[in-house]
Amino acid sequence: MKQAILILFFLFTLSVWLFAQTDGITPKFPLHKNDIELTRIAQSTQYFDKIGRKAALIGFENGSFEMWIWPWKVLRNFELQFFLGSSTTPILAKDIVRTISVTPEATILTYSYESFSVREIIFIPVEKTAAIILLDIYTTEPLTIVPSFFPVMQPQWPAGIGGQYSYWDDNQKAFIISESQQRGLFLCGSPLGKQMSAPPAHMFADNPLQFKIELKPNEANENYIPILIVGSPVKTKYDSVKALYGRLLSNIQNLYEKNYEYYQNLQNSTIQIKTPNEKLNLAFEWGKIGLHNLMIENSSLGKGLVAGYGLSGGGGRPGFAWFFGGDAFINSLALNSLQDFSTTRDALIFTQKWQRQDNFPIRKKTPEEINKDIGKMAHELSQSEGLIDWWNDYHFGYNHADTTPWYLYAIGDYFKQSGDIQFLKNSWKSIKSAYKWCLGKDSNNDGLMDLKNAGLGVLEFGAFVKIYNDQYTQALWTQGLKELINMAEKMGDIKIKKEAEKVLAKATKSLENLYWMEDVSYYSFGADENGNKVKDKSAYSTTGIALGLLDDKRSESTIKAINQSDMTTDWGIRNLTNKSSLYYHSNYNYGAVWPFTSIFVGWAQFNQNFNLSGYHTIQSTVQHLFENGLGLMPEVFSGNLNQKLGEAYHNQGFSYTGYIVPIIRGLLGLEVDVNKKKITFAPKLPADWDFIEVNNIRVGENVLNAEFKISSEEWEVKIETKEKARGEINVIFSPSFGLGNKVESITVDGRSINFEEINGSQAYVIKTDFKLKDKTYIKLGLKAAPTIFLLPPARRTWIDEAGGFETPAGAVNRGLKIISQELTCPPYSATRGRREGKSLYTKVEGLCDEVYQLGIKNYKMIKKVSGAELKENKLLIHIPSRNNSKFVEHEFVIEF
């Protein structure tokens with residue numbers, strides 16, 4: 001024992017000695033190359049962030065940022081200045097920033113001047129209350145670097161405190177930032193730092209705090225210059241914060257390596273896809289990271305999903321970086337689809353803490369008060385709870401009704417895909433309580449919840465808030481009932497199962513009766529207490545379609561209406577038709593484009609086999625990840641042009657879900673039901689794709705990889721388990737093809753099997769099933785037909801002298817809208833004994849006098865084209881002039 005203590009003491013002394021020899025400078029180490037790295041010329045006013053579990057650095061690509069260690073805003077306006085030689089003229093980092101490079105583990109900003117260059121490497125150690133900045137410097141002249149910042153030391157909105165102070169500790173070479181009770185204590189400095197400013201000890205000064213780092217030419221060539229922001233978000237002793245500061249300084253390379261390994265493990269342990277669309281592949285991985293990074297750990301409240309991130313400026317709201325129940329449940333659909341189950345589980349457990357009880361978390365005003373909201377799930381919770389009494393002093397906590405049916409849906413979806421029976425058992429009391437709350441809001445016994453006296457639905461202000469029912473909330477409730485029935489069966493709770501089945505039957509019937517509008521042939525957003533329906537088209541009318549709850553023919557008619565140009569833009573789906581009297585392009589709820597609504601619209605389009613439209617919705621949504629903050633999805637855009645709204649936050653969780661769910665559950669048609677030992681592949685792939693890989697699909701204890709090789713004549717599909725299959729796995733295989741195509745044979749491991757053919761109005765679909773072995777080979781023999789596909793983004797919208805564009809920032813709505821398709825066959829000829837040819841009718845909308853391009857596969861089989869021009873494998877669609885600058889309907893016909 002004594003020998004072990006001596007060895008440990010020696011190692012600690014050695015590490016301290018080695019650290020002292022380098023004056024805290026970090027020897028350079030190689031940074032990992034990353035397959036999903038994003039790089040571009042820096043845009044000074046564009047947002048970037050780096051997020052960990054306990055801290056966040058949020059700023060601009062010019063290098064200015066604010067720092068949060070949850071729930072404290074430590075500082076803001078952190079910036080670098082450079083001074084050459086004895087010059088007193090600052091060279092501002094923001095004026096010489098050149099490039100930004102982003103990987104999950106670190107962001108690098110590069111500054112360049114005539115006699116020096118600096119790479120600023122920024123990362124947040126995943127599990128630490130800290131940010132680390134490494135300066136990689138080359139200079140030919142003496143160089144002084146001056147970091148400056150304003151200390152803040154304020155908790156997150158809506159809390160506030162006084163008594164803040166800061167001072168320079170020359171032993172630590174850092175500024176100390178705290179407040180009189182030391183409920184949080186933070187350091188910002190560098191081992192090479194020298195004091196410049198001397199703030200008053202009892203208060204913050206009006207000027208920024210500054211320290212300087214002085215370097216001689218070539219002095220830093222072999223080392224990184226570290227700057228650290230470190231601290232404790234809870235009451236602690238200064239010595240412990242100093243010790244943390246020292247440990248991190250001496251362990252920087254290891255912390256970077258852990259960051260890299262953390263994100264590599266996340267990428268490699270969840271669903272992976274590889275498609276011919278490289279941008280889609282990149283967006284898929286970045287969506288996975290963006291959603292995972294919503295999980296934060298608050299030292300007082302625990303681990304939970306926040307809704308997103310953004311700059312707080314002079315305030316205390318860093319985007320939506322506090323806990324939203326509804327957002328957590330929405331984003332759990334994407335997390336479950338990606339099979340990031342541990343994140344979903346932690347998120348659900350967190351929300352269960354705040355479910356309304358009789359006298360918690362909102363206290364009764366009197367013992368006799370009757371609480372009618374037992375079981376209701378919380379809408380939102382500030383990270384400053386504990387510093388304030390959030391639940392009792394503020395009214396935001398439970399103001400949404402849709403959060404509770406979302407909970408039933410989300411927890412059922414998690415159980416179905418993960419098979420986590422122990423979690424279900426632990427949660428059953430909470431689930432039943434949520435169900436009873438929802439059931440208690442049905443005042444007219446139609447099986448649907450009433451929003452009246454229950455709270456808000458999908459909208460938070462404006463004319464539609466006053467309606468009695470919105471379809472969004474009622475569809476979620478109906479889906480929640482379906483999930484409840486499945487969970488009750490597994491729990492053996494026959495009473496709840498039978499009751500929920502009766503309610504489901506009524507709710508399903510009521511959805512049709514309440515929301516279908518025969519006169520306009522699409523589903524309504526909602527209806528008032530007297531059954532009067534909202535006539536204005538809304539993206540939220542696709543919620544029930546996405547979930548498969550509504551009539552197929554009516555759903556098709558609704559999707560056709562949504563595909564029109566008053567709803568569909570080149571950068572996403574408007575939440576309200578621009579023909580509505582309520583429409584305004586920048587109105588958050590009545591006209592803007594939310595990536596969030598693409599969840600339901602895109603998913604619904606694929607569910608009804610409007611596969612060209614579904615793929616367009618994914619493409620138009622995904623592009624935002626590359627044109628705003630790199631690898632980040634903003635919250636909301638203008639309805640009139642491709643521009644993020646000023647009020648929109650920069651990194652919003654449900655915006656990633658807006659394309660992840662349609663990709664996995666729509667485009668790939670991938671669904672897992674562990675309890676039924678079943679996996680469904682129902683791919684709806686673009687006609688020009690010749691391969692796709694989907695890896696790391698977990699079905700219980702099994703992990704599967706699927707590989708598709710595609711040609712005009714056949715599909716070859718290989719599905720294999722990474723290890724020997726454990727237990728039986730049932731596969732439902734139901735691919736979708738363009739109209740006119742036909743599957744002539746299917747073999748599984750060389751054996752012919754039967755299949756069902758479904759000649760839908762928008763696609764030809766086949767369906768079969770089989771048992772999965774360790775390796776299973778499926779081969780489809782095809783009789784091909786000409787099939788339309790969307791061209792890559794740089795060529796797919798419209799043509800001019802430059803040859804066409806994707807949708808640039810600031811562009812207005814100009815792209816071709818594909819409304820629907822129809823295949824007609826001539827009557828059977830008794831003399832010839834067969835049908836002669838087929839005609840594919842495609843309805844589109846476009847601007848007058850514009851020429852649009854679409855791709856066409858198997859174009860040599862085309863006999864004739866009307867309403868468009870065939871040029872090898874492309875269709876040119878010229879919209880005739882009608883003295884009109886608006887979108888008009890057009891139809892072209894392909895005979896084959």
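**View 1. Strand β12 and its two antiparallel partners, β6 and β17, in a predicted model.** Strand β6 (residues 72-84) pairs with β12 in the antiparallel sense over ten bridges, where two strands count as paired if DSSP finds at least two bridges between them; strands (E, at least two residues) and helices (H or I, at least four residues) are DSSP runs numbered from the N terminus. L84 has L143 of β12 as its bridge partner. Five bridges join β12 to strand β17 (residues 209-215), again in an antiparallel arrangement, and here S148 has Q210 of β17 as its bridge partner. Eleven of the 13 residues of β12 (residues 143-155) are buried, so this strand is largely enclosed by the rest of the structure; buried means under 20% relative accessible area, with a 1.4 Å probe and protein chains only. Because the model is predicted, local features need pLDDT of at least 70 and side-chain atom pairs count only at pLDDT 80 or more, while totals for chains, interfaces and linings use all residues. Residues are numbered from 1 along each chain as its sequence is written, and side-chain values use heavy atoms, with hydrogens and water left out.

**View 2. Strand β11 between β10 and β18.** Strand β11 (residues 130-139) is mostly covered, as nine of its ten residues are buried.

**View 3. The largest pocket.** The largest pocket has a volume of about 1300 Å³. On a 1 Å grid over the protein atoms alone, a pocket is an open set of points with protein on both sides within 12 Å along at least five of seven lines, a cavity is a set where a 1.4 Å probe fits but cannot get out, and lining residues have an atom within 4 Å of a point. Grid points are joined across faces, edges and corners, and a volume is the space filled by probe spheres set on the points. Of the 39 residues that line the largest pocket, L547, G548, N607, E671 and T680 are the closest to its centre. Among the elements that give two or more residues to this lining are α9 (403-418), α14 (552-562) and β42 (764-771), while α11 gives the most, with five residues. By class, the lining has 13 nonpolar, 13 polar and 13 charged residues, where Ala, Val, Leu, Ile, Met, Phe, Trp, Tyr, Cys and Pro count as nonpolar, Asp, Glu, Lys and Arg as charged, and the others, Gly among them, as polar.

**View 4. The second largest pocket.** About 690 Å³ of space lies in the second largest pocket. Of its 36 lining residues, those closest to the centre are F320, F324, H379, E460 and Y588. The elements giving two or more residues to the lining are α6 (325-338) and α9, and α6 gives the most, with three. The lining divides into 19 nonpolar, ten polar and seven charged residues.

**View 5. The largest cavity.** The largest cavity has a volume of about 480 Å³. Of the 36 residues that line the largest cavity, L685, A687, F737, G738 and T787 are the closest to its centre. The lining divides into 21 nonpolar, 13 polar and two charged residues.

Definitions and conventions:
Buried means under 20% relative accessible area, exposed over 50%, partly exposed in between (1.4 Å probe, protein chains only).
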